[in-house]
Amino acid sequence: DALASQAMTPARADVLGVAQTFQAPPPMMPVSSQPLPSAMAGGAADPVLTAAARFATMRELAENGLITEEEFRVRRQNNLGAILPLTQSAPGAGLDRPSPPSQQVIDRLRELTRSLERGAISPAEQNAERQMILEGLLPAQPRNRANPLPAPKDFMAAASAVGRLERVKTAGLITPDEYAREKEVLDRIAQPPPAPMQAAN
């Protein structure tokens, strides 16, 4: 079990994501079950789509009863800027790095629960590794914030950003209101500048 053997080592934080901070999360939004578009699943090179895969994994954990709705909500809310960069505050740093496949994370958390039930590990050991995994995916209270992604510079870049936004929406990772606010900003960027007024003769 390579994942298990590395889980408690310092290198583990690098595999899963970012600086770790173990905080009890606060309150949340309903979990929606939608398939993740295949273009997003590989994490692509795009920072928004790479981060979106982390949100999808966290949602799967909630759907499988491996985290609470409260944990899902706070981790999602405090990192929304990773997938809605123009309308949300900066997320935790490092969410643009690829994360492990969701099934790998699900299997490890289930194995931790089984190990605890068998008495093979203590509650403290189970909780420490569980929290490190969750923090690596989406930190509950990020210590380090990412630099905000730059806004698209022209209508072609804005069009590309709208395409990414549509994928995130189709995957069920954002609400209709969140989608509408982000798209409104992109629509403004894509609008041609007003024609200069001609001076009267």
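## What covers helix α5

The cover over the buried residues of α5 includes α4, α7 and α9, where contact means heavy atoms within 4.5 Å. Helix α5 spans residues 69–77, and its buried residues are E71, F72, V74, R75 and R76; buried here means under 20% relative accessible area, exposed means over 50%, and partly exposed lies in between (1.4 Å probe, protein chains only). Helices (H or I, at least four residues) and strands (E, at least two) are DSSP runs, numbered from the N terminus.

This is a predicted model, in which local features need pLDDT of at least 70 and side-chain atom pairs count only at pLDDT 80 or more, while totals for chains, interfaces and linings use all residues. Residues are numbered from 1 along each chain as its sequence is written, and side-chain values use heavy atoms, with hydrogens and water left out.

## Overall make-up and confidence

The protein chain contains 9 helices and 0 strands, and from the N terminus on its elements run α-α-α-α-α-α-α-α-α. Of its 201 residues, 42% count as buried. The chain exposes about 10600 Å², of which carbon and sulfur atoms supply 55%; accessible areas come from the Shrake-Rupley method with a 1.4 Å probe, and for residues only the protein chains shown count as cover.

The average pLDDT of the protein chain, the predictor's confidence in each residue on a scale from 0 to 100, is 82, and 73% of the residues score at least 70. Over residues 1–33 the pLDDT is below 50, and this stretch has 76 contacts in the model beyond near neighbours in sequence. Residues 35–44 also have a pLDDT below 50, with 21 contacts in the model beyond near neighbours in sequence.

## The largest nonpolar core

A nonpolar core is a set of buried Ala, Val, Leu, Ile, Met, Phe, Trp, Tyr and Cys residues joined through side-chain atoms within 4.5 Å. The largest such core has 34 residues, and M58, L61, I83, L109, V168 and L173 are those that touch the most other members. At least two residues of this core come from each of α4 (47–63), α6 (102–118), α7 (123–137), α8 (155–170) and α9 (176–190), and α4 gives the most, with 9 residues.

L165 lies in helix α8 and counts as buried because its relative accessibility is 4%. Leaving aside neighbours within four places in sequence, L165 is in contact with L84, I174, Y179, E182, K183 and L186. The C-alpha atoms of L165 and L186, which are 21 residues apart along the chain, are separated by 9.9 Å.

R59, which lies in helix α4, is likewise buried, with a relative accessible area of 4%. Its C-alpha atom is separated by 9.5 Å from that of R73, 14 residues apart along the chain.

R110 has its place in helix α6, where a relative accessibility of 32% makes it partly exposed. Leaving aside neighbours within four places in sequence, R110 is in contact with N64, L66 and Q103. The C-alpha atoms of R110 and G65, 45 residues apart along the chain, are separated by 10.0 Å.

I121 is found in the loop between α6 and α7 and is partly exposed, with a relative accessible area of 22%. Apart from neighbours within four places in sequence, the contacts of I121 are with L112, S115, L116 and Q126.

## A charge over a ring

The charged end of K169 sits over the ring of Y179, 4.3 Å from its centre; the rule requires NZ of Lys or CZ of Arg within 6 Å of the ring centre and within 35 degrees of the ring normal.
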